[in-house]
Amino acid sequence: MNNRSVLISGAGIGGPTLAYWLHRYGFDVTVAERAPAPRSGGHAVDIRGTAREVARRTGIVPAVRAAHTGACGMAFVDEDNRWVAALGTDVFGHSGGPVAEMAILRTDLARILHDATRDDVEYLFGDPVASAEQDDDGVTVRFESGTSRRFDLLVGADGVRSTVRRLMFGPHERYLRDLGCYIALYSTTTDLEHDGWQLMYTMPAGGGRPGRTAGIYPRTAPGTGLAAFFLRSAPLAYDRHDVDEQKRIVTRAFEGDGWEIPQMLSTIGDASDFYFDRVVQVEVDGWSRGRTVLLGDAGYCASPMSGIGTSLALVGAYVLAGELATADGDHTRAYPAYADRMREFVRRAQEFARTQGDGGLMPQSRAQLRMRNLSVHLLPYLPRSLVGRGMERVAGAVELPDYAALAHR
Ligand SMILES: Cc1cc2nc3c(=O)[nH]c(=O)nc-3n(C[C@H](O)[C@H](O)[C@H](O)COP(=O)(O)OP(=O)(O)OC[C@H]3O[C@@H](n4cnc5c(N)ncnc54)[C@H](O)[C@@H]3O)c2cc1C
């Protein structure tokens, strides 16, 4: 086989899935991850459509089911926490709703994939790629620890702000498409009764303030939840490393608002898992440069709000591994074949994210908010052939080849 040794940067979703399949096809795989160890907590993700079949072939479905978040759907509430409209996980089939039937914390899915590969794949936690140079015969990678190693191929599966992409393709600004809003998340305490529903309270733009939503995502431990904030805004100038400054931005944006927001904001100061970022999409003209290729969010993030990113990463990993095995490790054939198989799926997912991906969470007016609530209310009663099939169709818009004959382990 050509090009036997592969370095994957990033042990999120795409990285370990790719590692699993490459190992089964006989490659030697190393995964470098910035975090010092597998993490816990954070946001939930969805496994939809064709990605469910990837999960099945990867043998992780029982573990995924055992780690289900318990979420049964998304409910929009008013200031007094009365339900205005709700969409259950089963309302548009297993994959079409705002919360899919197969929902799991991202960190739990990463842990399951790590467990499935840890005995066969070399993991370098806490030692990310610092620099990389490729030539005709391979890629020389220097890690932050100072070690240098040589690999045949390099995969950037290191997320929206991928280091591999920055090093081998160019600066982030060239590839990030701004979707006009921010998300903040952190663990909080709450006395709200949620019964497994994601509760969302939306305020329309008005009085000089933008459209915005605050939400509580259920957690299994009683009295806890994940606080979520969605805010339409022009880009703000702030220090990406100054978490306190980011907490002040969120506090200012939601100060004085009702529902559970005062309680949520009262815990923001102590949040050790605070996340705040601009919502972006990643658009790269061709996902490979020489021996380097991009996978998942690094190459084609749709948007964190679209609910399709995890499925793109799972399917992309399975296809990339399969095409490398089919081409006997020849990246000059495998990378274009991977791109050909994924292009339409990614295009449709990204288009969906741009046009419908914000789920009406940041309405421009009170009338728009009323329309959103009315349509959410009516959707479950309208024929499936007419509505709600957008996400379901996107999640199934890729054909999964059968590479089983190539696996030798
Ligand atoms: C707030 C939020 C909410 C989301 N909600 C949903 C949802 O509801 N449903 C859904 O399906 N998807 C959701 N997503 C998207 C989903 O998390 C991603 O699409 C998915 O995780 C992509 O997998 P990935 O492997 O490409 O990247 P990631 O899962 O982001 O993994 C990238 C990994 O690379 C590591 N890394 C970063 N830099 C380096 C480096 N220099 N060297 C080595 N490692 C590095 C990171 O630590 C991380 O472990 C959400 C995302 C966010 C941010």
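The model is predicted: local features need pLDDT of at least 70, side-chain atom pairs count only at pLDDT 80 or more, and totals for chains, interfaces and linings use all residues. Numbering starts from 1 along each chain as its sequence is written, and side-chain values use heavy atoms, with hydrogens and water left out.

Start with helix 1, residues 14-24, and helix 9, residues 309-326. Helices here are DSSP runs (H or I, at least four residues), numbered from the N terminus. The two axes are 8 Å apart, at an angle of about 30°. Axes are lines fitted to C-alpha atoms over the stretch in contact, and angles run from 0 to 180 degrees between N-to-C directions.

Who touches whom? On helix 1, the contact residues include Trp21 and Leu22; on helix 9, they include Ala313 and Tyr318. Contact means heavy atoms within 4.5 Å.

Now helix 2, residues 50-58. Its axis comes within 9 Å of the helix 9 axis, crossing at roughly 55°. That makes helix 2 oblique to helix 9. Thr50, Ala51, Val54 and Arg57 of helix 2 meet Ser311, Leu314, Val315 and Tyr318 of helix 9.

Last, the ligand. A polar side-chain atom of Thr163 sits 2.6 Å from a ligand nitrogen. For Arg39, a polar side-chain atom lies 2.8 Å from a ligand oxygen.

Notes. Helix = DSSP H or I, 4+ residues; strand = E, 2+ residues; numbered from the N terminus. Polar contact = N/O pair within 3.5 Å; in protein donor to acceptor, adjacent residues only side chain to side chain. Parallel < 35°, antiparallel > 145°, perpendicular 65-115°, else oblique.
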